[in-house]
Amino acid sequence: TTELMDNYIACFAHVLSDSFYPVLPRAIGVGSAFEGWSPREQDVVYRVLIPMTPPRGHSFHLELDSAGQRHVRNFRVRVQLECTCSREQQADKMLCFLHHPEEELRSNQDPSLLDTLCTDSYLDVHKTARWLYQVVRAVWPALPQSHSWHLKLLPSTRSCQIQVTNGTESFRIEMLLGVQRDDSHIFVSSQPREAYTPSTTWPETYAVAETEFFKHIARQAPPDSLHLKCLQFFTRLQLGFGFSTYTTKTIVMHLLNVEPVSSWRRRDLLLRLVDISESLRLCVQAKRLNHFVVGNWRLPEDITLPRDVQMDKRNNLFHHLAQQSTAHTQAIGEYQVL
C-alpha cells in the first residue's frame with residue numbers, strides 16, 4: 001500500500017505541477033492497519049491521509065466552525081487568492097489572479113482553485129473527492145502496479161476508495177484528504193463524524209498524532225511486547241456490544257502512556273487484559289473517558305499539538321452517558337455481559 005501510494009504521489013506531482021489544484025505531498029498511513037492491529041483482519045481497510053497544500057497564487061485559512069456540536073471540532077478551509085506580481089512569479093509566466101484583467105486570465109490561464117473545487121470561497125469536500133477520483137483513475141495506467149493489478153473505484157462522497165486485486169490478493173485503500181494545522185500532527189480531514197456533514201466542513205482529526213504515538217511505543221517496546229495483541233483481542237471481544245473500537249483504543253493508549261512498556265510482555269498478558277477491562281468499568285461508572293490527544297499534557301515530546309488542542313478541556317468520549325441515564329444503564333449492563 002505504501003509503495004502504491006508513493007507511486008501515485010510521484011505521478012500526481014508530475015501531472016499537477018503546472019495546475020492550480022492542491023499540491024499533494026506524501027500520504028500518511030493512519031488507523032489500525034498502519035498501527036499494527038485490526039479488529040477484523042479479514043476486512044482490513046488501509047487508510048491514508050493525503051495532506052494538501054495550496055497551489056501557486058493561493059493560500060489556505062482554517063476557520064473553526066462554532067455552529068457545530070460542543071464535543072466536535074469542525075473547520076472550514078477558506079481559500080484566498082494571493083498576489084503573484086513579483087519578479088519570481090512573473091518568471092514563471094503566471095498571471096496574477098488579483099491584478100490581471102479577467103478576460104486575459106480566462107484566455108491564457110487555467111481557472112483558480114476558487115473556481116474549481118470551492119463553494120463560496122471554501123474548499124468543498126465533495127468536489128475535491130471527485131477531483132481526486134478523476135486523477136487516480138487517469139494516472140493508474142502510468143503506475144507499475146497497473147501491469148499486474150486491477151483497479152476498482154468504490155463509491156464515496158468524502159474520500160477516494162479503491163480496491164486493487166491481482167487474482168489472489170485484494171487490498172482496499174481509502175484516501176482521505178486533509179490540511180495540516182500549523183506544523184503540528186493535527187489535521188482537518190475529509191472524513192465525516194456525523195451522519196450528515198456539510199460539504200464545506202472539515203472535522204479535526206487526531207489520527208496522525210495517534211499513529212505517531214504507536215510508533216513511539218514501538219521504538220521502546222521489547223521484542224515480545226503484546227500491547228497490540230491486547231488491543232486487537234479486546235476490540236474483537238467487544239464486537240456486537242455498544243462500546244466502540246475507538247473506546248478500547250483510547251483506553252489502551254492511556255494505559256500505554258502511564259504503564260512501563262516493559263510491563264506488556266507475554267507473561268503479563270492476563271494482567272494487562274484485566275487492566276483494560278477494569279479501566280473500561282471505571283470509565284463507564286464515572287461516565288467519563290478523556291480523549292487521548294485533546295488536552296493531554298503527557299504526550300511524548302515528539303508529538304506536536306496546536307496550543308488550542310493542548311489547552312482544551314478534556315474531551316469526554318462518554319459525554320452521552322452523562323447526558324442520558326438510559327444510555328448509562330445500558331452501558332453498565334453491556335459491560336457486565338462483556
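Reader: Which residues of helix α7 (residues 227-237) are buried?
Author: This is a predicted model. In it, the buried residues of α7 are His227, Cys230, Leu231, Gln232, Phe234 and Thr235.

Reader: What covers the buried residues of α7?
Author: The cover includes α6, α8 and α9 (269-286).

Reader: Why is Thr248 called buried?
Author: Its relative accessibility is 3%. Buried means under 20%. Thr248 therefore counts as buried. Thr248 sits in helix α8 (residues 245-258).

Reader: Which residues does Thr248 touch, leaving out those up to four places away in sequence?
Author: Thr248 touches Leu231, Phe234, Thr235, Gln238 and Ile276. Among the buried residues of α7 are Leu231, Phe234 and Thr235.

Reader: What makes the link between Thr248 and Gln238 a polar contact?
Author: The side chains of Thr248 and Gln238 are joined at 2.4 Å. The cut-off for a pair of N or O atoms is 3.5 Å, and one atom must be able to donate a hydrogen, the other to accept it. The pair is therefore listed as a polar contact.

Reader: Which residues of α6 and α8 meet?
Author: From α6 come Glu210, Phe213, Phe214 and Ile217. From α8 come Tyr246, Lys249, Met253, Leu256 and Asn257. By class, this contact has six nonpolar residues, one polar and two charged.

Reader: Why are α1 and α5 called roughly perpendicular?
Author: Helix α1 (residues 2-15) and helix α5 (residues 125-139) pack at an angle of about 100°. The range for roughly perpendicular is 65 to 115 degrees. The angle falls inside that range, so the term applies. The two axes are 10 Å apart.

Reader: Which residues make the contact of α1 with α5, and how do they divide by class?
Author: α1 supplies Tyr8, Cys11, Phe12 and Val15. α5 supplies Leu132, Val135, Val136 and Val139. The contact has eight nonpolar residues, no polar and no charged.

Reader: Leu117 lies in a loop, so why is Leu117 called buried?
Author: The loop runs between α4 (102-108) and β5 (118-119). The relative accessible area of Leu117 is 4%. The cut-off is under 20%, so Leu117 is buried. Residues that touch Leu117 include Tyr21, Pro22, Tyr122, Leu123 and Trp131.

Reader: What makes the phi of Asp182 worth a remark?
Author: Phi of Asp182 is near 55°, a positive value in a residue other than glycine. Most residues other than glycine have a negative phi.

Reader: Is Asp182 buried or exposed, and how do you know that?
Author: Its relative accessible area is 60%. Exposed means over 50%, so Asp182 is exposed. Asp182 lies in the loop between β9 (170-180) and β10 (187-189).

Reader: Why is Lys287 called partly exposed?
Author: Lys287 has 31% relative accessibility. Buried is under 20% and exposed is over 50%. The value lies in between, so Lys287 is partly exposed. Lys287 is found in the loop between α9 and α10 (307-311). Phi of Lys287 is near 60°, a positive value in a residue other than glycine.

Terms used:
Residues numbered from 1 in each chain as written. Predicted model: local features only at pLDDT ≥ 70, side-chain atom pairs only at ≥ 80, totals over all residues. Heavy atoms only, no water. Helix = DSSP H or I, 4+ residues; strand = E, 2+ residues; numbered from the N terminus. Buried < 20%, exposed > 50% of the residue type's maximum accessible area, 1.4 Å probe, protein only. Contact = heavy atoms within 4.5 Å. Nonpolar A, V, L, I, M, F, W, Y, C, P; charged D, E, K, R; others polar. Axes fitted to C-alpha atoms, helices over the stretch in contact; angles between N-to-C directions. Parallel < 35°, antiparallel > 145°, perpendicular 65-115°, else oblique.
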